Amino acid sequence: MKKLILTFVFVAVAQFGFAQEDAAFKKDVLKVLTLNGSAGQIDAAKKQVLGMIPEDKQASFLVEFDGIIAKINDATAKVYMEEYTKEDVKAMIAFYESPIGKKINEKSAAVTEKSQAAMQDVTADVQALMAKYMQE
C-alpha cells in the first residue's frame, strides 16, 4: 500500500512539474506570437471589420472578437508547441527582440494592410479567370 501511495504521489508531482513546464513553454510561444507581428495583422483585420460594425455595437463586438482571438492564439500556440522545441521558441524570441525582429513587428500592420489591398486587385483577376473557364 505504501508503494502505491508513493507511486501516486510521485506521478502527481511529475504531472504538476510537466504542467508548469508546459505553461512556461506556452507563455513563450504566446510571446513569439506577439513579437512576430501576428498581433499587428490581427489589429489590421480588426480595424477593417470594425468599420463595418455600427458605432453603438462596436464595444460589444470587440469583447466577443477578442474572445475569438484568444481561442485562435491558444490553437496556434498548440501547433507551435507540437512543431517547435523549447529551444526553437527561445531562438525565435531572441530574433524578434533584435532590431530587425522589432522592425518586422512594427511594420506588420502596414504590410498586412498593403498586402490585402494588393490582393484585392489580384482576386478580381482570379475571379474573372475562373468565370471564363467555368462557362461551358
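Reply: Let's begin with a term we need: a salt bridge is a side-chain nitrogen of Lys or Arg within 4 Å of a carboxyl oxygen of Asp or Glu. Keep in mind that this is a predicted model. With that term in hand, look at Asp 28 and Lys 90, which form such a bridge: their closest N and O atoms are 2.7 Å apart.

Me: Which parts of the chain does the pair Asp 28 and Lys 90 tie together?

Reply: Asp 28 lies in helix H1, while Lys 90 lies in helix H4. The pair therefore ties together parts that are 62 residues apart in sequence, in H1 and H4.

Me: Is Asp 28 buried or exposed?

Reply: A residue counts as buried under 20% relative accessible area. Asp 28 has 16% relative accessibility, so this residue is buried.

Me: How many salt bridges does a search of the whole structure find?

Reply: The bridge between Asp 28 and Lys 90 has a closest N to O distance of 2.7 Å. Another joins the side chains of Asp 74 and Lys 26, at 3.1 Å from N to O. For the whole structure, the search gives a total of 5.

Me: How many residues apart are Asp 74 and Lys 26?

Reply: Both count as partly exposed, Asp 74 with a relative accessible area of 39% and Lys 26 at 30%. Asp 74 sits in helix H3 and Lys 26 in helix H1, so to speak distant parts of the chain, and their separation is 48 residues.

Me: Where does Glu 97 lie, given that its side chain meets Lys 31 in a salt bridge?

Reply: The bridge spans 3.0 Å, N to O. Its partner Lys 31 is in helix H1, and the pair ties together parts 66 residues apart in sequence. Glu 97 is partly exposed at 38% relative accessibility, and Lys 31 is too, with 37%. As for its place, Glu 97 lies in the loop between H4 and H5.

Me: Let's step back. What pattern does the protein chain follow along the sequence?

Reply: The secondary structure comes to 5 helices and 0 strands. Read along the sequence, the pattern is α-α-α-α-α.

Me: What span does helix H3 reach from its first C-alpha to its last?

Reply: Helix H3 covers residues 58-83, which makes 26 residues. At 1.5 Å a residue, 38 Å is expected. The model comes close to that, with a span of 36 Å.

Me: Is Tyr 80 buried or exposed?

Reply: Tyr 80 lies in helix H3 and touches Val 29, Val 32, Leu 33, Asn 36 and Met 92, leaving aside residues up to four places away in sequence. Its relative accessibility is 18%, and with a cut-off of under 20%, Tyr 80 counts as buried.

Me: How far apart in space are Leu 30 and Tyr 80, C-alpha to C-alpha?

Reply: Leu 30 is in helix H1 and is partly exposed, with a relative accessible area of 28%. Along the sequence, Leu 30 and Tyr 80 are 50 residues apart. In space, their C-alpha atoms are separated by 9.4 Å.

Note on methods
Residues are numbered from 1 along each chain as its sequence is written. This is a predicted model: local features need pLDDT of at least 70, side-chain atom pairs count only at pLDDT 80 or more; totals for chains, interfaces and linings use all residues. Side-chain values use heavy atoms; hydrogens and water are left out. Helices (H or I, at least four residues) and strands (E, at least two) are DSSP runs, numbered from the N terminus. The expected span of a helix is 1.5 Å times one less than its number of residues. Buried means under 20% relative accessible area, exposed over 50%, partly exposed in between (1.4 Å probe, protein chains only). Contact means heavy atoms within 4.5 Å.
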